[in-house]
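Morning, everyone. Please have the sequence and the 3D view open.

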Amino acid sequence: MTTVKGCLITLEGGEGAGKSTVLAALRDHMVAQGVRLLVTREPGGTPLAEAIRSIVLDSTLGPVCAESELLLMFAARAQLVRELILPALDRGDWVLSDRFTDASYAYQGGGRGQPSARINDLEAWAAAGLRPELTLLLDVPVTIGMARVEGRSAPDRIENEKTDFFERVRRAYRERAAADPSRFRIIDSSLGIEAVRKSACAAVDAFIARRKGGA
Ligand code: Z5A
């Protein structure tokens, strides 16, 4: 069993970046090392947050304004943070989340043009100021990512967006990573699945080793 204290690790990336694929590999890799791990996703992870997810991604509900979209993402997050993530961290467990607040900066900030200051305020209040200690950004050119998910059954409301929206999302993610290099690791996700998986596991191993050293 690892002796280091619990912490939050997140996976981020645009369409077809391979988060789900990498998440499964990372979970197995970390559990095999004895890390006590809660795996979750956003939006979602609790019954209420999953219900909000189905609303916010539903493409049949008519227009959703950017303000509603941002608030729904944070409503789901507020619940997940208090119901699952903070209690897990308090127990000393580790948490691996498929997306977190960086996604709101990228999609609602970069993609929809919501001001960063507003997202900052929501992060401080609704997300209790919680920030991951490590964020793996799976970065892939938009055209490659979109080609990977093409043909997947019924795109949801956000997946229906056009290429320029996803280009803004990618730019916002990369800017956040550049602004906070001690937290972010950018993984070149245009490479094959095995290479991406290896880079992600290596980044987490290095983080665990560093944390053990400093714990
Ligand atoms: N959203 C938001 O707007 N604001 C927020 O604050 C939050 C979220 C938290 C749902 O997220 C939506 O919510 C998302 C952002 C928004 N909208 N969009 N678009 P999600 O994370 O649940 O949904 P998603 O982005 O569509 O993720 P996904 O479907 O799980 O995709 P993925 O995890 O990136 O990819 P994958 O399923 O692992 O892989 C896709 C395909 O590519 C699959 O066939 C793989 O076999 C293949 N693949 C994966 N990696 C590779 C490599 N390296 N080479 C070749 N092929 C690959």
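Start with strand E1, residues 8–13. E1 is mostly covered, with six of its six residues buried. Keep in mind that this is a predicted model.

Now look at the two faces of E1. On one side sit Leu8, Thr10 and Glu12; on the other sit Ile9, Leu11 and Gly13.

Which strands pair with E1? One is E3, residues 94–98: E1 and E3 run in the parallel sense, over four bridges. To find that pairing on screen, pick Leu8, which stands opposite Val95 in E3.

The other pairing to show is with E4. E1 and E4 are also parallel, joined over five bridges. Here, pick Gly13: its bridge partner in E4 is Leu138.

How many cavities of 30 Å³ or more does a search of the whole structure find? One.

Where does the lining come from? Strand E4 (134–139), helix H6 (142–149) and helix H7 (163–179) each supply at least two residues. H7 gives the most, with four.

And what is the lining made of? Nine nonpolar residues, three polar and three charged.

That's the tour. Questions, please.

Note on methods. Residues are numbered from 1 along each chain as its sequence is written. This is a predicted model: local features need pLDDT of at least 70, side-chain atom pairs count only at pLDDT 80 or more; totals for chains, interfaces and linings use all residues. Side-chain values use heavy atoms; hydrogens and water are left out. On a 1 Å grid over the protein atoms alone, a cavity is a set of points where a 1.4 Å probe fits but cannot get out, and a pocket is an open set with protein on both sides within 12 Å along at least five of seven lines; lining residues have an atom within 4 Å of a point. Grid points are joined across faces, edges and corners, and a volume is the space filled by probe spheres set on the points. Ala, Val, Leu, Ile, Met, Phe, Trp, Tyr, Cys and Pro count as nonpolar, Asp, Glu, Lys and Arg as charged, and the others, Gly among them, as polar. Buried means under 20% relative accessible area, exposed over 50%, partly exposed in between (1.4 Å probe, protein chains only). Two strands pair if DSSP finds at least two bridges between them.
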